[in-house]
Amino acid sequence: MGSQHAAQIPTSFGKELRACLRCSLVKTYNQFTDTGCENCPFFNMDQDNDRVLECTTPNFAGVIAAMEPPSSWAARWQRISKFAPGCYALSVTGMLPEEMQAICEHNNVRYVPRN
């Protein structure tokens with residue numbers, strides 16, 4: 001599910017930040033369009049810029065940096081312990097569109113809304 005490599009760290013912490021609606025990874029819009037989501041490569045955000053808008057949201061609260069998610073109690077509490085090291089939103093407002101939920105199901109990936 002998660003990548004062995006660390007996710008990109010946001011290049012700025014302003015209004016251009018977005019959080020993935022599936023895994024809550026936080027990066028800038030441009031970072032999602034350039035490299036997609038390290039935990040959700042099946043969304044192909046780096047190949048379709050509209051997917052970034054569908055699969056991410058600017059509506060989130062707080063950010064946690066998880067450097068070693070498998071051994072972090074905070075990462076387990078946030079349900080990100082199996083994801084790539086990186087920055088994650090503490091809470092995310094919004095849900096994936098049904099089409100994106102179907103892509104998760106097709107890829108045998110569980111989607112649990114992060115609200």
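Strand E1 is covered on both faces: Leu17 and Ala19 on one side, and Arg18 and Cys20 on the other, are all buried. In a regular strand the side chains alternate between the two faces of the sheet. The model is predicted, and the values below are computed from it.

E1 has two antiparallel partners. With strand E2, residues 26-28, E1 is joined by three bridges. With strand E3, residues 56-57, E1 pairs over two bridges. Ala19 stands opposite Val26 in E2 and also opposite Thr57 in E3.

The hairpin of E1 and E2 has five residues between the strands. Ser24 lies in this loop and has a positive phi of about 75°, although Ser24 is not a glycine. Most residues other than glycine have a negative phi, and most peptide bonds are trans. Asn44 is another non-glycine residue with a positive phi, here of about 50°. Asn44 belongs to the loop between H1 and H2. Asp48 is found in the loop between helix H1 (29-35) and H2 as well. The C-alpha atoms of Asp48 and Thr33 are 7.5 Å apart in space, while the two residues are 15 apart in sequence.

| Residue | Relative accessible area | Class |
|---|---|---|
| Ser24 | 2% | buried |
| Asn44 | 30% | partly exposed |
| Asp48 | 30% | partly exposed |

Ser24 counts as buried because its relative accessible area of 2% is under the 20% limit. Asn44, at 30%, falls between the limits of 20% and 50% and is therefore classed as partly exposed.

The largest nonpolar core has 32 residues. Cys20, Cys37, Phe43, Met45, Tyr88 and Leu96 have the most contacts inside this core. The elements that give two or more residues to the core are strands E1 (17-20), E4 (60-66) and E5 (86-92), together with helices H2 (49-55), H3 (73-77) and H4 (98-106).

Not counting residues up to four places away in sequence, Cys20 touches Leu25, Phe32, Cys37, Cys40, Met45, Cys55, Thr56 and Val92. Among these contacts, Cys37 and Met45 are also listed with the most contacts inside the core.

An unreviewed UniProt entry places the feature "domain: Spt4/RpoE2 zinc finger" at residues 17-93. In the model this span is 25% helix and 30% strand, and its end C-alpha atoms lie 14 Å apart.

Methods
Residues numbered from 1 in each chain as written. Predicted model: local features only at pLDDT ≥ 70, side-chain atom pairs only at ≥ 80, totals over all residues. Heavy atoms only, no water. Core = buried A, V, L, I, M, F, W, Y, C linked by side-chain atoms within 4.5 Å. Buried < 20%, exposed > 50% of the residue type's maximum accessible area, 1.4 Å probe, protein only. Helix = DSSP H or I, 4+ residues; strand = E, 2+ residues; numbered from the N terminus. Contact = heavy atoms within 4.5 Å. UniProt positions renumbered as here; feature names shortened; annotations may be inferred. Pairing = 2+ DSSP bridges.
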